[in-house]
Amino acid sequence: MKIAVFLMVSGVLGICVSPALAEDYKVQMLNQDTHGRAMQFEPAFLKVALGDTVTFVTTYKGHNSESILTLMPEGVEAWKGKINEEITVLFETEGLYAYKCQPHLGLGMVGLIQVGDAPAQLNQADVESLPLRAEKRLVDLLAEAEAANGQ
Ligand SMILES: [Cu+2]
């Protein structure tokens with residue numbers, strides 16, 4: 001009897017996390033990445049599936065992760081971690097999401113997450129409105145996204 005109940009419950013949970021088991025990715029907030037670049041997220045570009053989560057890990061102090069409001073799909077909820085806060089973000093809408101570390105935006109501490117396979121575009125003017133080093137970094141990450149999509 002207990003086994004039957006257990007199977008029923010796991011069956012229900014199985015429906016909730018369909019179609020596939022969601023994954024949790026980790027992005028570290030670093031003073032220096034493995035390429036020797038100061039103040040970076042790593043990996044700074046991530047391609048995930050719908051329903052996956054990304055956890056921003058406080059490897060070093062003094063960083064946060066927050067959405068860049070102009071550089072994400074319209075109508076989705078933004079996120080804003082506090083400094084030194086480890087947060088987990090759930091992605092339920094396909095598209096490209098750029099994010100930043102607020103204290104180090106001017107140093108180019110930005111990241112990019114692609115959710116799903118659909119090619120998406122960010123508004124060029126909004127990319128160019130970032131501080132120069134953040135803009136350059138994001139342009140590099142967009143090129144990584146294109147490469148990952150085989151474009
Ligand atoms: Cu930072």
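Start with how the chain folds back on itself: among contacts between residues at least 6 apart in sequence, 66% join residues at least 24 apart. Keep in mind that this is a predicted model. Confidence averages a pLDDT of 89 over the chain, and 85% of the residues score at least 70.

Now for the layout. The chain has three helices and eight strands, and reading from the N terminus they come in the order α-β-β-β-β-β-β-β-β-α-α. Of the 151 residues, 28% count as buried.

What sits inside? In soluble globular proteins, nonpolar side chains tend to be buried together. Here the largest nonpolar core has 31 residues, and Tyr97, Ala98, Leu112 and Leu138 have the most contacts inside it. Several elements each supply at least two residues of this core, among them strand 1 (24-32), strand 7 (95-100), strand 8 (110-115) and helix 3 (132-148).

Setting aside neighbours within four places in sequence, alanine 98 is in contact with Ile68, Leu71, Met72, Val110, Leu112, Leu122 and Leu138.

Follow that list to isoleucine 68, which lies in the loop between strand 5 (66-67) and strand 6 (87-90). Is isoleucine 68 buried or exposed? Isoleucine 68 counts as buried, because it has 22 C-beta neighbours inside 10 Å and the cut-off for buried is 20 or more. Not counting residues up to four places away in sequence, isoleucine 68 touches Ala98, Tyr99 and Lys100. Alanine 78 is ten residues from isoleucine 68 in sequence, and their C-alpha atoms are 8.1 Å apart.

That loop between strand 5 and strand 6 also holds asparagine 84. With 12 other C-beta atoms within 10 Å, asparagine 84 is exposed.

Most residues other than glycine have a negative phi, and most peptide bonds are trans. As for the peptide bonds, the one joining glutamate 42 and proline 43 is cis, with omega about -5°. Proline 43 belongs to the loop between strand 2 and strand 3.

How values were computed:
Residues numbered from 1 in each chain as written. Predicted model: local features only at pLDDT ≥ 70, side-chain atom pairs only at ≥ 80, totals over all residues. Helix = DSSP H or I, 4+ residues; strand = E, 2+ residues; numbered from the N terminus. Contact = placed C-beta atoms within 7 Å. pLDDT = per-residue confidence, 0-100. Core = buried A, V, L, I, M, F, W, Y, C linked by C-beta atoms within 7 Å.
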